[in-house]
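Take a first walk through this structure, one part at a time. Have the sequence and the 3D view ready.

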Amino acid sequence: MDPLMLDGNAIAGLLQEVFAVEMTTAIGTCNTCGAADRVGALRVFRGAGIVMRCPHCDNALVTIVEDGPRVWIGFAGIRTLQVTI
Amino acid sequence: MPPIISRGFRGRRDDAPSDRVPPGQYVTRDFPVLSAGPTPHRQLEQWDFSIGGEVDEPRRWTWEQFRALPSEEVTVDIHCVTKWSKLDTVWQGVSVDTLLDGVETAAEYVVSFCDGGYTTNLPLDDVTGGKAWVAFAYDGEPLEPEHGGPARMLVPHLYFWKSAKWVRGLRLSATDEPGFWEVNGYHNYGDPWQEQRYWGD
Amino acid sequence: MTWRVAEVVKVVPETPRVKTIAFDVPGWPGHRAGQHVDVRLTAEDGYQAQRSYSIASVPDGTRVDLTIERLQDGEVSPYLTDELRPGDRIELRGPVGGWFVWEPAQGGPLLLVAGGSGVVPLMAMIRARTAAGSNADTRLLFSSRSWEDVIYRDELERLRGDGLTVVHTLTRSQPSGWTGYARRVDAEMLAEVGPSPTELPRVYVCGPTPYVEAVAEALVQLGHEPHRVKTERFGPTGG
């Protein structure tokens, strides 16, 4: 546990702007340990950019770097993302 | 729609001479803690620092051996890509020149690798010639884990994501290997004075 | 989802460190209990800061209330709680968050575990429950530093009953004669206050990250299903 860590709820606004759908209820599957979790339950760290990590194995699932309207999303550790549109 | 100005909001910033503040940066007296992942807690007995990759002979130091190396106190300005700059920060560290002294290599690049898996890449030229340290103390105190302790890279002429926290070694390479943030949107080199924050800048 | 202009309607002190700020947000689409907004402040020179705050109020046209704790070393919360006057404007984006929500139609039993200002989204749930006339079994376990620091204290006293239980624990100081809990939330307290896991309660935990971690772990130890425990962590950035 890291006292600085947040969860996916903390970036719900950003995710909704990027994906145009509610993302905290989306389910991401980790490509390292296979665990499937709601994005709202993922661990969020703020470094130079945002990193979303698997709550079970700490694998970096998604990275988000923002430059105003330009946003880079890295899906480094997500095997599948399930959303409801 | 341009953003609405909120009456009286200033944020927590200091004024500073503009020749010390790169474009787009704001000066802070705080030391914000930013991290791509959970803070590792590495026991000193299990810590080592290694130099490997394309070198004639890999090197390794235990904590005692590392701390026995000549170190120096440096005062530098640091610039985070998230727009805060901190002036006159004081560090104690071992120069990378000391660590590479006598190392034979044709490599032109290094990758810093760390506890927790973070990596960042640099040209070898940018960590030699008195430009980089492996720092173990900040402001007169042992470096705290949340700021990268026991030891972190200190490469103040580039954006601070290049100063990897919890560093465990340098891997020298003939080819450039973009690291964690470099593959995910941040600039491969990161010169704050040219505002090289993102891909394509 | 874009940034909307929000105008301050009124500022209401809740505790020495906490205020509720009522905003009028033209075009507000409504929201669900548990959701939050991102707040953006822009200085005259373009400098910006952004934080997230949970919505405290029930949906009511263009009205959005935020309850904000003034953090001593904060960059944004001291501005919001010290400076804002009726007529001032900020920007907000939202509502956001579809996972940490509760709707009265979902019913109970409901266990709400709050740490300090983490009570805000849970209070939105309690207010939604009241507005819907629900009498679902709802238990709030609320950790605060002292009696003076209990946010929404009087309203919670008034709302007790009709299936709503409110249990306080005061961790730093207690008023004389206090017979309630006086320690950090632990598994024993959760077992005494909360429904048992066999009742399949929905559990919502909100507060600072270390608090949420400790409570979530205790709940799982007690046998609550992890997927029935929803957490929202407030970090040092207040959001």
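In strand β3 of chain B, R59(B) is the bridge partner of I51(B). Strands here are DSSP runs of E with at least two residues, helices are runs of H or I with at least four residues, and both are numbered from the N terminus. Two strands count as paired if DSSP finds at least two bridges between them.

This is a predicted model, in which local features need pLDDT of at least 70 and side-chain atom pairs count only at pLDDT 80 or more, while totals for chains, interfaces and linings use all residues. Residues are numbered from 1 along each chain as its sequence is written, and chains are lettered from A and ligands numbered from 1 in the order in which they are written.

Now widen the view in chain B. An open sheet of 5 strands runs in the order β3-β2-β11-β6-β7, with mixed pairing. Which strands stand at the edges? They are β3 (59-62) and β7 (119-123) of chain B; each has a single partner strand, so one side of each lacks a neighbour in the sheet. From one strand to the next, the twist averages 15°. Such angles run from 0 to 180 degrees between N-to-C directions, and the axes are lines fitted to C-alpha atoms, for helices over the stretch in contact.

K83(B) is not a glycine, yet it has a positive phi of about 95°. This residue sits in the loop between β4 (72-79) and β5 (84-95) of chain B. K83(B) counts as partly exposed because it has 15 C-beta neighbours inside 10 Å. D139(B), also not a glycine, has a positive phi of about 55°. Its place is the loop between β8 (133-138) and β9 (141-142) of chain B. Is D139(B) buried or exposed? With 11 C-beta neighbours inside 10 Å, D139(B) counts as exposed. The cut-offs are these: 20 or more other C-beta atoms within 10 Å of a residue's own make it buried, 12 or fewer make it exposed, and values in between make it partly exposed, with C-beta atoms placed from the backbone.

Next comes chain A. How many residues of chain B are in contact with chain A? The count is 17 residues of chain B, facing 18 residues of chain A. Contact means that the C-beta atoms of two residues, placed from the backbone, lie within 7 Å. The chain B side has 10 nonpolar, 6 polar and 1 charged residues. Nonpolar covers Ala, Val, Leu, Ile, Met, Phe, Trp, Tyr, Cys and Pro; charged covers Asp, Glu, Lys and Arg; the others, Gly among them, are polar.

Strand β1(A), residues 6-7, runs antiparallel to β4(A), and 2 bridges join them. There L6(A) stands opposite V44(A). A hairpin then leads from β4(A) to β5(A) through 3 residues. β4(A) and β5(A), residues 50-53, are antiparallel over 4 bridges. F45(A) stands opposite V51(A), and R46(A) stands opposite I50(A). β5(A) also has 4 bridges to β6(A), residues 60-67, again antiparallel. Here V51(A) faces T63(A). The β5(A)-β6(A) hairpin has 6 residues between its strands, and in it D58(A) takes a positive phi near 70°.

Chain C is assigned two domains: domain 1 (4-95) and domain 2 (104-234). These bounds come from an automatic or database domain assignment. The C-alpha centres of the two domains lie 24 Å apart. Between them, 15 residues of domain 1 are in contact with 15 residues of domain 2. The peptide bond from G94(C) to P95(C) is cis, with omega near 10°, and P95(C) lies in β6(C). Finally, 16 residues of chain C are in contact with 12 residues of chain B.
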